[in-house]
Amino acid sequence: MNNAKSIAVGAALILGAFTASTASAATTLESVKDKGHLQCGVTSGLPGFSQPDEKGNWTGIDVDTCRAVAAAIFGDAKAVQFTPLTAKERFTALQSGEIDMLSRNTTWTLTRDASLGLNFAGVNYYDGQGFLVKKNIGVDDATQLDGATVCIQAGTTTELNLADYFRAKGMEFRPIVFDTSEQTVQGFAAGRCDVLTSDRSQLAALRSKLADPSSAKILPNTISKEPLGPVVRQGDDQWFNIVKWVLFTQVNAEELGITMDNVDDMLKSDNPNVQRLLGTDGDMGAKLGLPADYGYNIVKQVGNYGEMYNRNVGPDTALGLERGLNALWTEGGIMYAPPVR
């Protein structure tokens, strides 16, 4: 056999083996169905986003994002198990297959999107980095923080944002770095730093953990864009589409006025947009590899985006966060989803 033919045969054998291996590998959806539950990575404890109570029951907007995916797949929002992860652990856990998706107040950036083998599947909270200070230090603006010691969590976008901001303002700071958000707020409470920096939503959550939340305030400055959302591994487009469209379905449901309370009545709607979302017309579920009523199950069991937001981080919660940028585009915000059609 000449060299050219030998190379061709060898290449064919390798291609055949690769094709067979690829064909035999289970998709993420198949793997999740085989397990009978979704394995979702969340924080080790952040009020409003992912927090377990004393009985191990998880709540939060990121937790509900996971539950919505479980509802879409199984028709059961409880078919999910949670893996608490630190900021430094989260991407490795997803890359290794320890979890099926990550929903852990994680910022979408170019580097994370393009160099980690991961895909961001949308935004479930638009945020920005801010500063938390004790009221008694007499600081009202971040431009007054020259020379401050700053508590910060390792493995987050906040580290680079902080350095960029202080450099641009010609100011200096001394970082005090912790592994978890819980350690960070404990350091702040103990007086190890003058200021704590993180996403503004996280600052509200951490302030609620202080013995006297009214003793601290969030400064008005927002120094970055922090679009937070669920993350999946690259290489499985079906799974990417499922997680993405679960979130889009919740946003569209709010826009269409479909809620947990009225979703059963909405099954009788003659609005084609409602019919497609709830599965009474068309084959939207089949396009994703999901049941026809996947949208109905999401809204019935978890709610639309606004319901998910309000019960976890909204004005009537301990965090007390107004919708702001996270309002629908029809209400002055930027929360906008492609149509279910």
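**View 1. An open sheet of 5 strands with mixed pairing, in the order S10-S9-S11-S8-S12.** The model is predicted; local features need pLDDT of at least 70 and side-chain atom pairs pLDDT 80 or more, while totals for chains, interfaces and linings use all residues. Residues are numbered from 1 along each chain as its sequence is written, and side-chain values use heavy atoms, without hydrogens and water. Strands (E, at least two residues) and helices (H or I, at least four) are DSSP runs numbered from the N terminus; two strands pair if DSSP finds at least two bridges between them. S10 (173–178) and S12 (216–218) are the edge strands, each with a single partner, so one side of each has no neighbour in the sheet. On average, neighbouring strands are turned by 30° against each other, direction ignored.

**View 2. Strands S8 and S11, with helix H8 across the sheet.** S8 (residues 129–134) and S11 (residues 195–199) run antiparallel and are joined by 5 bridges. Leu 132 has Leu 196 of S11 as its bridge partner. Helix H8 (residues 200–207) lies across S8, S9 (148–153), S11 and S12, at about 125° to S11. Such angles run from 0 to 180 degrees between N-to-C directions of axes fitted to C-alpha atoms, for helices over the stretch in contact (heavy atoms within 4.5 Å).

**View 3. The buried residues of helix H2.** In H2 (residues 28–35), Thr 28, Leu 29 and Val 32 are buried, meaning under 20% relative accessible area (1.4 Å probe, protein chains only). They cover an arc of only 100° around the axis, which puts them on the same side of H2; the arc is that of the directions from the helix axis to the C-beta atoms. These buried residues pack against S1 (38–43), H3 (61–74), S14 (231–233) and H9 (237–256). Gly 36, with a positive phi near 85°, follows H2.

Methods
Buried means under 20% relative accessible area, exposed over 50%, partly exposed in between (1.4 Å probe, protein chains only).
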